[in-house]
Every structure is written in C-alpha cells, then in structure tokens.
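Here are a few friendly notes to read with the structure open beside you. Take them one at a time, finding each residue as you go.

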Amino acid sequence: KMNMQIDNLTVLINSLLDVSKIHVGQLEFHQQYFSLTDLVDDTVETLQATTNSHSIIVKKMLKRPTNQ
C-alpha cells in the first residue's frame, strides 16, 4: 500500500508540473494504452483505504461489453 501511495503522490506532483507546462505551452501528449479495469481497481482500492475510517463504502460497478 505504501508503494501505491508513493506512486499516487508522484502522479500528483507530475500533474502539477504538467499544469505549469500548459501555462508556458510546453506540454506534449503521448498515446498510451492502459487497462481501464486495472485503473478502476487501483482507484477503488486507494479510495477504500481513505474512506474506511469514515464509514464510507466505495464500490465499483463495471458492465462488461457484450459482443453483438
């Protein structure tokens, strides 16, 4: 969990740096593929760790795509 919190803090700091890049017109975008399911799982896990002490329940509800 500590590693995830460190990673989240790193992402936050990088996001703040990106905002400053936007202001000076130096931000570059790169296409990157990722797993939405993994992202949601990590986000819910992080939120649960924070909200458990406040009796708040965080649930994920993803609908799997159906082949037509």
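1. Which helices each supply at least two residues of the lining of the largest pocket? In this predicted model, they are helix 1 (2-24) and helix 2 (36-51).

2. Let's stay with that pocket for a moment. Its volume is about 180 Å³. The residues that line the largest pocket are Met-4, Asp-7, Asn-8, Val-11, Asp-42, Thr-43, Thr-46 and Leu-47. Sorted by class, this lining has three nonpolar, three polar and two charged residues.

3. Now for helix 2 itself. With 16 residues at 1.5 Å a residue, helix 2 should span 22 Å, and this agrees with its end C-alpha atoms, which are 22 Å apart.

4. Which residues of helix 2 are buried? Look for Val-40, Val-44 and Thr-51. Because they cover an arc of only 40° around the axis, they sit on the same side of helix 2.

5. Please also find the salt bridge; the structure holds one. Asp-41 pairs with Lys-60, and their closest N and O atoms are 2.2 Å apart. The two partners link distant parts of the chain, 19 residues apart: Asp-41 belongs to helix 2, while Lys-60 lies in the segment after helix 2. In general, side chains of opposite charge can pair when their charged atoms come close.

6. How accessible are the two partners? Asp-41 has a relative accessibility of 27%, so it counts as partly exposed. Lys-60 is partly exposed too, with a relative accessible area of 43%.

Methods:
Residues are numbered from 1 along each chain as its sequence is written. This is a predicted model: local features need pLDDT of at least 70, side-chain atom pairs count only at pLDDT 80 or more; totals for chains, interfaces and linings use all residues. Side-chain values use heavy atoms; hydrogens and water are left out. On a 1 Å grid over the protein atoms alone, a cavity is a set of points where a 1.4 Å probe fits but cannot get out, and a pocket is an open set with protein on both sides within 12 Å along at least five of seven lines; lining residues have an atom within 4 Å of a point. Grid points are joined across faces, edges and corners, and a volume is the space filled by probe spheres set on the points. Helices (H or I, at least four residues) and strands (E, at least two) are DSSP runs, numbered from the N terminus. Ala, Val, Leu, Ile, Met, Phe, Trp, Tyr, Cys and Pro count as nonpolar, Asp, Glu, Lys and Arg as charged, and the others, Gly among them, as polar. The expected span of a helix is 1.5 Å times one less than its number of residues. Buried means under 20% relative accessible area, exposed over 50%, partly exposed in between (1.4 Å probe, protein chains only). The arc is that of the directions from the helix axis to the C-beta atoms. A salt bridge is a side-chain nitrogen of Lys or Arg within 4 Å of a carboxyl oxygen of Asp or Glu.
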